[in-house]
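Let's take a walk through this one together. Have the model open and follow along as we go.

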Amino acid sequence: IRTIGEDIGIFEAAEITSLMVRMRVHVNGRLPLITSSILEYPNGDEVEAKLVYEKIGKHCSCCFRLDHDLRDCLRAKAEKREAQTVAPDT
């Protein structure tokens, strides 16, 4: 769990139950949030863990950065322009 937290940012603390793990991590808001991580077991098995962020405030649902929201996202605007170019309205 600490390794996942350190991959995301600066790991601070974790709370582990039989059903979930909750951790506090300081993240760099200029980098995209990591939305999943691969957990490796000692026997070689791997499982994908989906990461859910709480209390992140304003963020972009397109590029997962914290320094802007969707309406200000350059990536989302570029994808929208490209989609309109490929399939113009008729």
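How many salt bridges does the structure hold? There are six in this predicted model, and a few of them make handy landmarks.

Start in helix 1, where Arg2 and Glu6 sit four residues apart, about one turn of the helix. The two pair up in a salt bridge, with their closest N and O atoms 3.9 Å apart. Glu6 is partly exposed, because its relative accessibility of 46% falls between the 20% and 50% cut-offs.

Now look for Arg22 and Glu54, whose side chains meet in a salt bridge at 2.8 Å, N to O. Arg22 belongs to strand 2, while Glu54 is in the loop between strand 4 and helix 2 (74-86), so this pair ties together parts that are 32 residues apart in sequence. Both ends are partly exposed: Arg22 has 37% relative accessibility, and Glu54 has 49%.

That pair also brings us to the largest pocket, which holds about 920 Å³ of space. It is lined by 25 residues, and Arg22 and Glu54 are among the closest to its centre, along with Met23, Arg24 and Val52. Strand 2 gives the largest share of the lining, six residues. By class, the lining has 18 nonpolar, six charged and one polar residue.

Val21 itself is partly exposed, at 36% relative accessible area.

How values were computed. Residues numbered from 1 in each chain as written. Predicted model: local features only at pLDDT ≥ 70, side-chain atom pairs only at ≥ 80, totals over all residues. Heavy atoms only, no water. Buried < 20%, exposed > 50% of the residue type's maximum accessible area, 1.4 Å probe, protein only. 1 Å grid on protein atoms, 1.4 Å probe; cavity = no way out; pocket = protein on both sides within 12 Å on 5 of 7 lines; lining within 4 Å. Points joined across faces, edges and corners; volume = space filled by probe spheres on them. Helix = DSSP H or I, 4+ residues; strand = E, 2+ residues; numbered from the N terminus. Nonpolar A, V, L, I, M, F, W, Y, C, P; charged D, E, K, R; others polar. Salt bridge = Lys/Arg side-chain N within 4 Å of Asp/Glu carboxyl O.
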